[in-house]
Amino acid sequence: MALFDLPLDRLRTYRSESTAPEDFDSFWDRTLKEARQHDLDARFEPVDTGLRTVSVSDVTFNGFGGHPVKGWLILPAGADGPLPVVVSFIGYGGGRGLPLTHLLWASTGRAHFVMDTRGQGSTTRGATPDPVGAGPAVPGFMTRGVDSPETYYYRRVYTDAVRAVEAARAHPLTDASRTAVTGGSQGGGIATAAAGLVPDLAAAVVDVPFLCDFPRAITLTDRRPYREIGDWLGAHRGRTGEVLQTLSYFDGVHFAARATAPALFSTALEDRTCPPSTVFASFNAWAHEDKQIEVYDFNDHEGGGPDQEAAAVAWLSGRCPV
């Protein structure tokens with residue numbers, strides 16, 4: 001796929017036209033306050049996975065609405081803490097899977113908390129249902145409850161993410177002052193939201209993030225998942241402004257503008273799933289001055305793959321050291 005988005009020099013200065021609602025901060029303050037009325041009740045049940053270099057716990061904590069959310073906590077074997085902790089979020093449609101697919105961060109000597117994404121993972125071992133109903137939606141998650149910010153699906157997911165950080169910090173072997181968030185694609189979008197909502201993170205690693213710069217994304221790419229929004233609007237004519245208003249409460253650009261942690265981003269210039277201009281929109285808005293972005297010229301949504309993982313390990317050593 002040839003390059004299709006803005007030239008790199010323009011990407012480096014690109015700013016989204018998305019505008020944060022006047023009540024953006026109060027909406028999220030109220031949402032998190034309501035969630036915290038429910039006891040976090042973080043539970044860590046050791047499981048024998050047959051892995052000898054790590055120890056694994058099956059995690060359950062209460063997220064949005066007090067709903068139980070699953071996860072994994074993976075620690076270096078024999079760790080006696082306190083350890084820096086990486087909280088990671090999963091790509092679109094994925095579940096927490098098996099612990100053996102999450103060995104990178106524990107291998108660096110850190111605790112690794114993996115949050116399952118509610119309602120997702122039907123083919124990749126998700127374990128967290130989403131008990132909240134919604135109105136008519138196209139297949140996928142992008143238009144579930146899109147009639148209102150109050151009912152939109154990602155209100156629940158982003159709240160779960162904040163509570164996941166709190167659950168990770170509740171474990172006796174983790175050091176709350178050395179907490180990083182990370183994720184790719186949808187996981188990168190969720191990590192961006194967490195960085196904008198949790199004020200004292202040590203770092204954020206955001207790879208080819210989804211859920212950024214909705215006004216541009218839904219008109220620039222015809223790939224799913226963004227295309228789900230276009231399909232919905234094609235059936236609900238005349239509601240574009242209303243839907244964009246809902247989405248503005250969940251746009252990574254506005255969370256980035258509130259982020260208080262150093263950040264490492266990545267993007268790929270042939271990425272039609274999460275176009276590079278939408279990634280740069282969040283990167284350029286990121287509030288913390290310690291930020292950098294790795295650019296992969298001839299890659300699609302796979303981004304930097306293992307090269308980006310290696311870059312993240314090296315970068316995080318200076319912001320969230322072991």
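This is a predicted model: local features need pLDDT of at least 70, side-chain atom pairs count only at pLDDT 80 or more; totals for chains, interfaces and linings use all residues.
Let us start with C212, which sits in the loop between β7 (203-207) and α6 (214-220). Helices here are DSSP runs of H or I with at least four residues, strands are runs of E with at least two, and both are numbered from the N terminus.

Residues are numbered from 1 along each chain as its sequence is written, and side-chain values use heavy atoms, with hydrogens and water left out.

Is C212 buried or exposed? Its relative accessibility is 0%, so C212 counts as buried; the cut-off for buried is under 20% relative accessible area, with a 1.4 Å probe and protein chains only. Apart from neighbours within four places in sequence, C212 is in contact (heavy atoms within 4.5 Å) with A217, Y226, D251, G252, T278 and S282.

I turn now to two helices. Helix α4 (residues 153-170) packs with helix α5 (residues 186-197) at an angle of about 65 degrees, the axes lying 9 Å apart. Axes are lines fitted to C-alpha atoms, for helices over the stretch in contact, and angles between N-to-C directions run from 0 to 180 degrees. The pair α4 and α5 is therefore roughly perpendicular, a term covering 65 to 115 degrees. On the α4 side, the contact is made by Y154, V157, Y158, A161 and V162, and on the α5 side by Q186, G189, I190, A193, A194 and L197.

Terms used. Angles under 35 degrees count as roughly parallel, over 145 as roughly antiparallel, 65 to 115 as roughly perpendicular and the rest as oblique. Buried means under 20% relative accessible area, exposed over 50%, partly exposed in between (1.4 Å probe, protein chains only).
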